[in-house]
Amino acid sequence: MRLVFIGPPGAGKGTQAEFLIKKYHPAHLSTGDMLRAARDAGTEVGLKANEYMSTGQLVPDQVIVDIIKERLAQPDCSEGFLLDGFPRTIAQAEALDEMLKAAGTPLDVVLELRVPEEELFTRLAGRGRADDTPEAIKTRLVGYRNQTSPLLDYYGKKGLLKTIDGLGTVEEIFARIEKELDSLQ
Ligand code: ADP
């Protein structure tokens, strides 16, 4: 199964991704995790990326596209993958389409985890990660609205989008995801 998981910061995407991986076993490609690992390892790309991450801005498309391209070429991805945090812009989605087209491995589904913005701000403000300052949270939410939400239309038009209601208990939300994924098989 090849899937993209889209959701605003604070939607609970990380938690649901964990459940999904336990059950369906795709390779997990989280760009947030990859960038944090690169930053912590002190690589050139990681340090450059951190200048954007720490203020809640998106890392430049070409940087992230190169990272994903390299990762998708690794053997574990041939069995399926979950893209978590990528694509986040139309340019990234187009680059992904090109890569997958060249490999002859199109996406099966794009899951959107939907949560109202007021609820997101409350959740993020209580989380306390280093990039969870009120200013950075605002920047990420506005960035999602302006740069990432156009992807919903992009994938909707391709008939790939499934929207999941992100309110409820973790188990209730995962049951909704399972229902969508099981109906694909
Ligand atoms: P969140 O979903 O909480 O905003 P992530 O862990 O997915 O956080 O990402 C953290 C930061 O990493 C983002 O705020 C952004 O700076 C950077 N980042 C992650 N994925 C991408 C991407 N696809 N394109 C550009 N920047 C990204």
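This is a predicted model: local features need pLDDT of at least 70, side-chain atom pairs count only at pLDDT 80 or more; totals for chains, interfaces and linings use all residues.
Let us turn to the strands themselves. Five of them form an open sheet in the order β2-β3-β1-β4-β5, and their pairing is parallel. At the edges stand β2 and β5 (161–165), each with a single partner strand, so one side of each is left without a neighbour in the sheet. On average, neighbouring strands of this sheet are turned by 20° against each other, with direction ignored.

Now look at strand β1, residues 2–6. How is β1 joined to β3 and β4? Four bridges pair β1 with β3 (residues 81–84) in the parallel sense, and four bridges also join β1 to β4 (residues 109–114), again running parallel. You can find individual partners here: R2 is bridged to F81 in β3, while I6 has E112 in β4 as its bridge partner. Moving on along the sheet, β4 and β5 run parallel and are joined by five bridges. There, L113 stands opposite I164 of β5.

Is strand β1 enclosed or open to the outside? A residue counts as buried when its relative accessible area is under 20%. Five of the five residues of β1 are buried, so the strand is largely enclosed by the rest of the structure. In a regular strand, side chains alternate between the two faces of the sheet. You can follow this in β1: R2, V4 and I6 point one way, L3 and F5 point the other way, and all are buried.

Next, visit S30, which lies in strand β2 (residues 27–30). Is S30 buried or exposed? Its relative accessibility is 9%, so S30 counts as buried. A polar atom of the S30 side chain lies 3.1 Å from the backbone nitrogen of D33. If you look back along the chain to A17, 13 residues away from S30, the C-alpha atoms of the two are separated by 9.4 Å.

Two spots in the loops have backbone angles to look at. Most residues other than glycine have a negative phi, and most peptide bonds are trans. H25, in the loop between α1 (13–24) and β2, has a positive phi near 60°. With 58% relative accessibility, H25 counts as exposed, because the cut-off for that word is over 50%. The other spot is a cis peptide bond that joins F86 and P87, with omega at about -5°. P87 sits in the loop between β3 and α5 (90–103).

Finally, we come to the empty space. Rolling a probe the size of a water molecule over the atoms shows where such space is left. The largest pocket has a volume of about 880 Å³. Its lining is made up of 40 residues, and K13, G32, R36, R88 and R129 are those nearest its centre. Which elements give two or more residues to the lining of the largest pocket? They are β1, α1, β2, α2 (31–40) and α7 (134–148). The largest share of this lining, six residues, comes from α7.

Note on methods
Residues are numbered from 1 along each chain as its sequence is written. Side-chain values use heavy atoms; hydrogens and water are left out. Buried means under 20% relative accessible area, exposed over 50%, partly exposed in between (1.4 Å probe, protein chains only). A polar contact is a pair of N or O atoms within 3.5 Å; within protein, one must be able to donate a hydrogen and the other to accept it, and residues adjacent in sequence count only if both atoms are side-chain atoms. Two strands pair if DSSP finds at least two bridges between them. Axes are lines fitted to C-alpha atoms, for helices over the stretch in contact, and angles run from 0 to 180 degrees between N-to-C directions. On a 1 Å grid over the protein atoms alone, a cavity is a set of points where a 1.4 Å probe fits but cannot get out, and a pocket is an open set with protein on both sides within 12 Å along at least five of seven lines; lining residues have an atom within 4 Å of a point. Grid points are joined across faces, edges and corners, and a volume is the space filled by probe spheres set on the points.
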